[in-house]
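User: I'm new to this structure and would like to learn how to read it. Could you take me through it feature by feature?
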Amino acid sequence: MRIGLDFDDTIADALGLKRSWISQKFSIPLDQPIDTKDPKYKESKNEMYRDREFTLEYLKPRVGSLEAISQLVRSHDLSIVTSRSGDVLGIARDWLNINGVENLEVNGVGYGNSKLDACRELDIFVDDELRKLVNLVGSVKHLFIITTEENKDEQLPEGIKRIDSLEDLIVFISILEG
């Protein structure tokens with residue numbers, strides 16, 4: 001099977017990275033609730049993603065994601081499809097290599113751009129943002145939203161299923177393959 005995975009909040013814990021950034025930049029304790037959609041935090045997000053040293057130090061993998069990727073690449077054609085581009089895409093590639101995820105195709109479509117062309121040939125695609133999945137319905141056979149704190153209450157349209165982890169994806173594939 002041809003499987004595509006988003007990078008931020010699918011493989012890597014970008015929300016944790018945002019929390020660390022906000023905590024340090026605005027002197028807010030990590031255990032205090034943070035509205036990551038607050039305009040003052042959103043403005044500094046681009047700076048955060050471009051800070052290579054900070055990202056490589058504080059961006060952690062989602063629990064079980066690296067192990068799941070290791071398992072998936074053994075029997076499937078796996079690629080990364082991300083909205084990142086330019087230097088920020090390069091930082092994601094460096095992070096993947098540092099974390100032992102090498103030799104995967106990494107497609108950066110650019111922020112605000114559709115992932116349709118990059119996903120058109122996939123059998124499965126996983127992302128954490130519903131708005132990026134909706135326009136893939138009918139073009140990718142199996143679409144999954146991976147649960148995050150930010151999307152856990154979103155209602156899903158027909159054609160998109162929810163998983164809590166990439167391990168759940170492996171279970172789905174094993175059932176599908178019978």
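Analyst: Let's start at the end of a helix: α1 is followed by serine 27, whose phi is positive, near 55 degrees. Helices (H or I, at least four residues) and strands (E, at least two) are DSSP runs, numbered from the N terminus. Please keep in mind that this is a predicted model, where local features need pLDDT of at least 70 and side-chain atom pairs count only at pLDDT 80 or more, while totals for chains, interfaces and linings use all residues. Residues are numbered from 1 along each chain as its sequence is written, and side-chain values use heavy atoms, with hydrogens and water left out.

User: How many residues does α1 have, and what span does it reach from its first C-alpha to its last?

Analyst: The expected span of a helix is 1.5 Å times one less than its number of residues. Here α1 has 13 residues and reaches 18 Å, close to the 18 Å expected.

User: Which residues of α1 are buried?

Analyst: Buried means under 20% relative accessible area, exposed means over 50%, and partly exposed is in between (1.4 Å probe, protein chains only). The buried residues of α1 are Ala14, Leu15, Gly16, Leu17, Lys18, Arg19, Ser20, Trp21, Ile22 and Ser23. Ten of the 13 residues are buried, so α1 is largely enclosed by the rest of the structure.

User: Arginine 19 is on that list. Which residue forms a salt bridge with arginine 19?

Analyst: A salt bridge is a side-chain nitrogen of Lys or Arg within 4 Å of a carboxyl oxygen of Asp or Glu. The partner of arginine 19 is glutamate 149, with the closest N and O atoms 2.6 Å apart. Glutamate 149 lies in the loop between β5 (142–146) and β6 (160–163) and arginine 19 in helix α1 (residues 14–26), so the pair ties together parts that are 130 residues apart in sequence. Arginine 19 counts as buried at 16% relative accessibility, whereas glutamate 149, at 46%, counts as partly exposed.

User: How many salt bridges does the structure hold?

Analyst: There are ten. Another one joins lysine 25 and glutamate 47, whose closest N and O atoms are 3.4 Å apart. Lysine 25 lies in helix α1 and glutamate 47 in helix α2 (residues 39–50), so this pair ties together parts that are 22 residues apart in sequence. Both ends are partly exposed: lysine 25 has a relative accessibility of 42%, and glutamate 47 has 45%.

User: Now a different helix, please. Which residues of α4 are buried?

Analyst: First, the general idea. An α-helix has 3.6 residues a turn, so residues three or four places apart point the same way. In α4 (residues 65–75), the buried residues are Ser65, Leu66, Ala68, Ile69 and Leu72. They cover an arc of only 155 degrees around the axis (taken from the directions from the helix axis to the C-beta atoms), which puts them on the same side of α4. The face turned away from that buried side carries the exposed residues Glu67, Arg74 and Ser75. What covers the buried residues includes β1 (2–5), β2, α5 (86–98) and α8 (166–177).

User: And how do I read a strand: which residues of β5 lie on each face?

Analyst: In a regular strand the side chains alternate between the two faces of the sheet. In β5, His142, Phe144 and Ile146 are on one side and Leu143 and Ile145 on the other, and all are buried. Five of the five residues are buried, so β5 is largely enclosed by the rest of the structure.

User: Which way does strand β4 run relative to β5, parallel or antiparallel?

Analyst: Two strands pair if DSSP finds at least two bridges between them. Strand β4 (residues 124–127) is parallel to β5, and four bridges join them; aspartate 127 stands opposite isoleucine 145 in β5. Four bridges also join β5 to β6, and these strands run parallel, with isoleucine 146 opposite isoleucine 163 in β6.

User: Last one: which residues touch the most other members of the largest nonpolar core?

Analyst: In soluble globular proteins, nonpolar side chains tend to be buried together. A nonpolar core is a set of buried Ala, Val, Leu, Ile, Met, Phe, Trp, Tyr and Cys residues joined through side-chain atoms within 4.5 Å. Of the 36 residues in the largest one, Leu5, Phe7, Val126 and Leu169 touch the most other members. Apart from it lies another core, of twelve residues, among them Phe125, Leu130, Leu136 and Ile145.

Note on methods. Contact means heavy atoms within 4.5 Å.
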